Amino acid sequence: MIVSGCSTLGGNSSTDGPEETEPEPAPGPNQKSSGNTDTKAQLVGDYQIAYEGVQTSKETLNTVFDSFENENYSLVTATLSDFESQVEAFSTSFEEAATAATELGNNVVRQACTAGKNEASAIGNAGTYIMEAANQSANENSGEAQTKLAQAQAALESAQEHHQGVLQPTEVQTQTNYTGSTM
């Protein structure tokens with residue numbers, strides 16, 4: 001049985017024993033079953049955080065594009081002031097999930113993590129370009145602003161292409177046979 005959307009801590013439905021504690025990066029040979037559960041929990045958790053963060057980042061970019069079209073350039077730059085570092089954190093979470101998937105020998109999930117990391121990177125690039133476009137527009141340099149805007153749109157198209165390889169978090173749970181709690 002797959003438990004999704006469970007917000008209660010300790011909702012472990014595995015048969016490995018009592019509630020799991022922090023995941024260990026490299027379980028020893030005598031901890032194989034528990035280690036696999038810990039690795040799966042880490043993978044599913046990291047993936048879900050990254051996936052949801054990227055979805056939120058896309059919503060932020062939609063809002064930013066609306067602000068740009070309304071020539072509210074100061075709102076664009078204020079909204080995106082910390083955007084790149086936030087998206088980088090999601091990219092790192094996808095990387096950590098990919099490492100866990102590799103440890104488990106799960107290539108399907110590893111590939112989804114790589115696609116997610118690439119999607120996050122493209123979204124970060126789009127944010128950088130739209131912020132640069134807003135700065136150029138605010139300085140009345142419309143030629144450079146249009147170039148940056150075109151680069152932002154190209155980065156978003158790249159993100160959409162990468163998203164094709166991204167799995168839903170519930171699919172990652174299924175692929176890893178993880179039945180514990182998430183988040």
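Q: What pattern does the protein chain follow, read along the sequence?
A: This is a predicted model, and its chain reads α-α-α-α-α-α. That goes with six helices and zero strands.

Q: Why is the pair Tyr47 and Tyr51 called stacked?
A: Start with the count: the structure holds three aromatic pairs. For Tyr47 and Tyr51, the ring centres sit 6.4 Å apart and the planes meet at 15 degrees. Centres within 6.5 Å make a pair, and planes under 30 degrees apart count as stacked, so stacked is the word for Tyr47 and Tyr51.

Q: Where do Tyr47 and Tyr51 lie?
A: Both belong to helix 1 (residues 32-69), four residues apart, which is about one turn of the helix.

Q: What makes Tyr47 and Tyr51 buried?
A: The cut-off is under 20% relative accessible area. Tyr47 has 0% and Tyr51 has 10%, so both count as buried.

Q: Why is the pair Tyr47 and Phe94 called edge-to-face?
A: Here the ring centres are 5.3 Å apart and the planes stand at 80 degrees.

Q: Which parts does the pair Tyr47 and Phe94 tie together?
A: Tyr47 is in helix 1 and Phe94 is in helix 3 (residues 83-104), so the pair ties together parts that are 47 residues apart in sequence. Both Tyr47 and Phe94 are buried, and ring pairs link Tyr47, Tyr51 and Phe94 into a cluster.

Q: Which residues have the most contacts inside the largest nonpolar core?
A: Those are Leu43, Tyr47, Phe68 and Ile130, in a core of 40 residues. Helix 4 gives the largest share, 11 residues.

Q: What is Phe68 in contact with, leaving aside its neighbours within four places in sequence?
A: Its partners are Tyr73, Val76, Ile130, Ala133, Ala134, Ser137 and Leu149.

Q: How do you know that the span of helix 5 agrees with what it should be?
A: Run the numbers: 22 residues at 1.5 Å a residue should span 32 Å. The end C-alpha atoms of helix 5 are 31 Å apart, which agrees.

Q: Why do the buried residues of helix 5 count as lining one face?
A: The buried set is Ala145, Lys148, Leu149, Ala152, Ala155 and Ala159. Looking down the axis of helix 5, these buried residues fall within an arc of 120 degrees, so they line one face. The face turned away from that buried side carries the exposed residues Gln160 and Glu161.

Q: Is Glu119 buried or exposed, and what makes it so?
A: Glu119, placed in helix 4, has a relative accessibility of 1%. Buried means under 20%, so Glu119 counts as buried.

Q: What does Glu119 touch, not counting residues up to four places away in sequence?
A: Glu119 touches Val54, Lys58, Ala159, His162, His163 and Val166. Take Ala159: Glu119 and Ala159 are 40 residues apart in sequence, yet 4.4 Å apart in space, C-alpha to C-alpha.

Q: How much of the protein chain counts as buried, and what does it expose?
A: Of its 183 residues, 37% count as buried. The chain exposes about 9,800 Å², with carbon and sulfur atoms supplying 45% of that. As for contacts between residues at least 6 apart in sequence, 75% join residues at least 24 apart.

Key:
Residues are numbered from 1 along each chain as its sequence is written. This is a predicted model: local features need pLDDT of at least 70, side-chain atom pairs count only at pLDDT 80 or more; totals for chains, interfaces and linings use all residues. Side-chain values use heavy atoms; hydrogens and water are left out. Rings of Phe, Tyr and Trp (its six-membered ring) pair if their centres lie within 6.5 Å; planes under 30 degrees apart count as stacked, over 60 as edge-to-face and the rest as tilted. Helices (H or I, at least four residues) and strands (E, at least two) are DSSP runs, numbered from the N terminus. Buried means under 20% relative accessible area, exposed over 50%, partly exposed in between (1.4 Å probe, protein chains only). Contact means heavy atoms within 4.5 Å. Accessible areas come from the Shrake-Rupley method with a 1.4 Å probe; for residues, only the protein chains shown count as cover. A nonpolar core is a set of buried Ala, Val, Leu, Ile, Met, Phe, Trp, Tyr and Cys residues joined through side-chain atoms within 4.5 Å. The expected span of a helix is 1.5 Å times one less than its number of residues. The arc is that of the directions from the helix axis to the C-beta atoms.
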